[in-house]
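Biologist: I've just opened this one and could use a guided tour. Can we go through it chain by chain?

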Amino acid sequence: MASLIEIEQIGKVYQSRGRESIRALDGIDLAIEANEFVTIVGPSGCGKSTLLKMIGGLLAPSSGTIRLDGREVRAPSRDVGIVFQSAVLMCWRTVLDNVLLAVEILGLDRQTYRARARELLALVGLAGFEQRLPRELSGGMQQRAAICRALVYNPRVLLMDEPFGALDALTREELALELLRIWDEDKKTVLFVTHSIPEAVLLADRVVVMTPRPGRVADVIRVDLPRPRTMDMEFTPEFKACSDAIRAHIYAGRDARVVPA
Amino acid sequence: MTRQLAVPQWSVPVLTMVALVVAWQAFTVVFPIPVWLLPSPVAIANVTAEWQQQLPLHIGVTLYETLAGFLLAIAVAVPLAVLIVFSSFLAQTIYPILVVLQSVPKVAIAPLLLVWIGYGELPKILVVFLVAFFPIVVSTATGLIAVEPDMLDMVRSLSASRLQTFVKLRFPAAMPHIFVGLKVAMTLAVVGAVIGEFVGSDRGLGYLILVSTAQINTPLAFSAMVLLSVMSILLFYGVEGLERLVIPWARED
C-alpha cells in the first residue's frame, strides 16, 4: 500500500536576479504513513520550512513530485492544516472567531463547527477564553489557539513549522506534551519542523535529520520509546541514543566538536 | 524621590492653557499695546459675544465644507488605494499622477477652482478634498500592503480567494493605518476650507478672518481663529473617538 505522503526527488532552487541561484533542497525522498508523527530537524537554512510549505501546497517545488493520498500536491488542500512559527491570530477576532476563521474561509457551516471549535479549545485548556482577544493571551495560549484553528476542520495532515520556537523553554515542553495528548485523542499525520533535538525525539515516531544547504535527508531515525511519552524519558538510554545519532549527523560536516553528554 | 500629586490627568494641559491666557491678558494690561496689533483675551471674548448672532452661520458653513470635503476624500481615496494595491498597472499609472498632484500647492489650485466652478461651497469642498485625499490614499495603501507574510500564508493554506483575503484579512488589518491617515487628513481639511474661503467667498470663518483683518478688526479675526482651532481640535478627537469605537482591538495599553 502506498504511503499517505510520498515525496520523490524534491528539489528547490531559488533564482535571484544577478546573483547565483541558491539550491535550498536537493533530492529529498521521504514517505510518511497515515497517523505517523514525523519530526524534521536540521540546522538553520537547511530548507526544512521550505519542504513543509511545499507539502502544504504553498510553494511549488523546482523538481520532483509530492503526492498526498496518491494525488499530486499543486495547491493548498482541505486535507492539510498548518501551524506557523508565530500564532498569526487576527487581533480583531476573539479566540473562538479566530478558530472559526478556517471554517468560514473553507465555506463550512459555522453553527456545526462551533461546537467542535469549543471542544478543541477546551482540550488545549482555553475553555473560558473563547471571547477574549488574542492580545489578552500569553504566547503559549496564542499558539494553542492557532493549533485549534488548524485542527477545527479535521484535516488528515497537520504541518507544524517550528510552532514552539518563539516560546520559553517551560511553555515549550508543556505544549509538546499537550500536542502529543491531542494527537493521541485525535490521530493525524503530523509533520513537525524543529531545531530542538530533544523536542524532535520526544515527539516523533521517526526523526528526519537534514543536512545544511542544500538540504538533503542525512538520515531517518526511528524512535522506539513507548507512548505516552513523558519528560523524564529524556534520561533513558534509548532517548540518548537517538539524540546522539541526530547530533552526530548535524555536526558531521563541522570541526570535531565536543558535545557534553 | 518625587512625590506624585493626586491631580486628574486632564488638569495639567487645561491649567497650562488657563495660565497662558492669564499671562496674555496681564501682558496687554501692563504694556500699552494697541488693540489692532494684539487684542487681549477679554477683548476677543467681548467681540465674540457681540457677534453671537452671526457667528453660528460662519461656523456652520466652514464645518459643512470641511466635513463634506473630508467625507468625499474618504469615499474616493479608500477605493482608489484598494485599486492601487490590487493592480500593478493602476499602481504604475495612477500613483505617479497622485504624487504630482500632491506636489502642487493647494493654495495655487484654489483660485483655478474659482475660475472653473465659481463661488459657492463646492470649490471649497474640492480644496478640502484635495488636501485631505492624499494622506488617506497613502495610509490605506500602506495598511493593505503591510500584512504579515505568515498571515497571508495562513489564509492561503485555507485556499482563501482574493476577495476573502481582502475582506477577512487585508482590510481589517489596514484599519489602524487608515485611521492614522484620517486623523492627519481631518486637521488638514480645516486648513483646506480656510484656504478655499480666502480665495473667494462671502461667508465662513476663513472669510471672516479675511474681512475683519481688512477692516483692522483684529479682535474679530482672533475670535474666528480661536473658533477654527476649537473646531479643528473637536473634529480630531471626533475621529479618534470613532477609531476607538470602530477598532477597539487596536487600542494600545
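This is a predicted model: local features need pLDDT of at least 70, side-chain atom pairs count only at pLDDT 80 or more; totals for chains, interfaces and linings use all residues.

Biologist: How many helices and strands does chain A have?

Modeller: Helices (H or I, at least four residues) and strands (E, at least two) are DSSP runs, numbered from the N terminus. Counted that way, chain A comes to 7 helices and 10 strands.

Biologist: What is the radius of gyration of chain A?

Modeller: The radius of gyration is taken over C-alpha atoms, and the globule rule is 2.2 Å times the number of residues to the power 0.38. For 261 residues the rule gives 18 Å, and chain A is close to that, so it is as compact as a globular protein of that length. Its C-alpha atoms fill a box of roughly 55 × 45 × 40 Å along the principal axes. The radius of gyration of chain A is 19 Å.

Biologist: What share of chain A counts as buried?

Modeller: A residue is buried if 20 or more other C-beta atoms lie within 10 Å of its own, exposed if 12 or fewer, and partly exposed in between, with C-beta atoms placed from the backbone. Of the 261 residues of chain A, the buried share is 42%.

Biologist: Which helix gives the most to the side of domain 1 of chain A that touches domain 2 of chain A?

Modeller: Domain bounds come from an automatic or database domain assignment, which divides chain A into domain 1 (1-79 + 155-261) and domain 2 (87-153). Their C-alpha centres lie 25 Å apart, and the contact (C-beta atoms, placed from the backbone, within 7 Å) takes 11 residues from domain 1 and 9 residues from domain 2. On the domain 1 side, the biggest giver, with 4 residues, is helix α5 (residues 169-185) of chain A.

Biologist: Why is strand β9 of chain A described as largely enclosed?

Modeller: Strand β9 covers residues 206-210 of chain A. The rest of the structure largely encloses β9(A) because the buried residues number 4 of the 5.

Biologist: Which element gives the largest share of the side of chain A that touches chain B?

Modeller: The contact takes 17 residues from chain A and 16 residues from chain B. On the chain A side, β6 (80-83) and α2 (95-105) each give two or more residues. That side has 15 nonpolar, 2 polar and no charged residues (Ala, Val, Leu, Ile, Met, Phe, Trp, Tyr, Cys and Pro count as nonpolar, Asp, Glu, Lys and Arg as charged, and the others, Gly among them, as polar). The largest share, 3 residues, comes from α2(A).

Biologist: What radius of gyration does chain B have?

Modeller: Chain B is built from 10 helices and 0 strands, and its C-alpha atoms fill a box of roughly 75 × 65 × 30 Å along the principal axes. Buried residues make up 31% of its 253 residues. A compact globule of that length would be near 18 Å, but chain B has 23 Å.

Biologist: Which helices do the buried residues of α10(B) pack against?

Modeller: Helix α10 covers residues 218-246 of chain B, and its buried residues include B:P219, B:F222 and B:L228. Their packing partners, in chain B, are α2 (41-50), α8 (162-199) and α9 (205-214).

Definitions and conventions. Residues are numbered from 1 along each chain as its sequence is written. Chains are lettered from A and ligands numbered from 1 in the order in which they are written. The expected span of a helix is 1.5 Å times one less than its number of residues. Two residues are in contact if their C-beta atoms, placed from the backbone, lie within 7 Å.
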